[in-house]
Amino acid sequence: MSAPIKAEHDANFLFNLLTHGLVVSKPYFIPGENLLFQEEIKKSRFMTYLSHARGKEQALEYLKKIKELHPEARHHCWAYLGDAPDNSVCAGCSDDGEPKGTAGKPILAVLQGSGLGEVIAVVVRYSGGIKLGTGGLVRAYSNGVQQLVRRMPTIEKRFYQQYQLHCDYAQMALIESLLTTLAGRLVEVEYLQSVKAIIEVDLQLCGQFSEKLESLTQGKVVVKKIPVTAS
């Protein structure tokens with residue numbers, strides 16, 4: 001598994017803050033590669049693509065590329081989760097001409113059960129002329145996605161809170177030790193007569209950070225949260 005990626009400034013982080021009045025703090029996994037699964041069912045060829053897509057715009061851009069790869073295909077059915085796995089607001093799907101509920105929703109259901117976030121699946125069908133029936137279509141459109149989510153390499157996405165602080169040199173040494181303990185880091189630091197710094201801490205550990213900072217510095221160092229901005 002790859003190293004965690006930072007997400008304190010990404011657009012979906014800001015989307016959740018502005019839309020829901022809260023910040024998504026739980027880490028989640030996103031696709032680490034682009035994968036393809038192919039199979040033939042009753043002379044119909046199904047090609048399933050699975051990829052990372054952050055937000056609706058990236059998802060639709062990826063869909064456009066797949067359609068350009070397969071302009072002669074009869075159906076390009078798809079579903080995406082554009083944010084965290086449990087964020088149903090930033091999600092969508094389409095049957096693209098197949099009977100209602102036989103393609104897009106089954107694909108979306110597999111994605112929602114996968115634990116992945118920021119993911120899109122596109123299933124391309126070259127029809128062989130033999131009808132598969134409602135159940136057959138649901139199974140066909142689900143199977144390729146199921147195969148790929150099982151083998152998809154993932155990257156853990158974590159969220160961070162940045163703080164601004166002002167302290168003396170002895171206090172900074174304590175803070176640096178604390179950051180090491182909590183896997184935080186110095187973002188910017190300026191050493192003058194005193195120390196000015198910007199640090200970041202995993203949102204899951206902000207409570208621990210505040211408590212330990214209070215204890216280590218006897219409440220003499222006050223940190224200020226930096227508002228979230230889109231980069």
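**Exercise 1. Decide whether Phe46 is buried or exposed.**

Solution. Phe46 has a relative accessibility of 1%, so Phe46 counts as buried; buried means under 20% relative accessible area and exposed over 50%, with partly exposed in between (1.4 Å probe, protein chains only). The model is predicted: local features need pLDDT of at least 70, side-chain atom pairs count only at pLDDT 80 or more, and totals for chains, interfaces and linings use all residues. Residues are numbered from 1 along each chain as its sequence is written, and side-chain values use heavy atoms, without hydrogens and water.

**Exercise 2. Describe the aromatic pair that Phe46 and Tyr141 form, and state what the pair ties together.**

Solution. Step one: a search of the whole structure finds five aromatic pairs. Rings of Phe, Tyr and Trp (its six-membered ring) pair if their centres lie within 6.5 Å; planes under 30 degrees apart are stacked, over 60 edge-to-face, the rest tilted. Step two: Phe46 and Tyr141 are 5.3 Å apart centre to centre with 90 degrees between the planes, which is edge-to-face. Step three: Phe46 belongs to strand 4 (residues 44-52) and Tyr141 to helix 4 (residues 133-151), so the pair ties together parts 95 residues apart in sequence. Helices (H or I, at least four residues) and strands (E, at least two) are DSSP runs, numbered from the N terminus. Step four: Tyr141, at 0% relative accessibility, also counts as buried.

**Exercise 3. Find which residues of helix 6 are buried and which are exposed.**

Solution. Cys206, Phe209, Leu213 and Thr217 are buried in helix 6. On the other side of the helix, Glu211, Glu214 and Ser215 are exposed.
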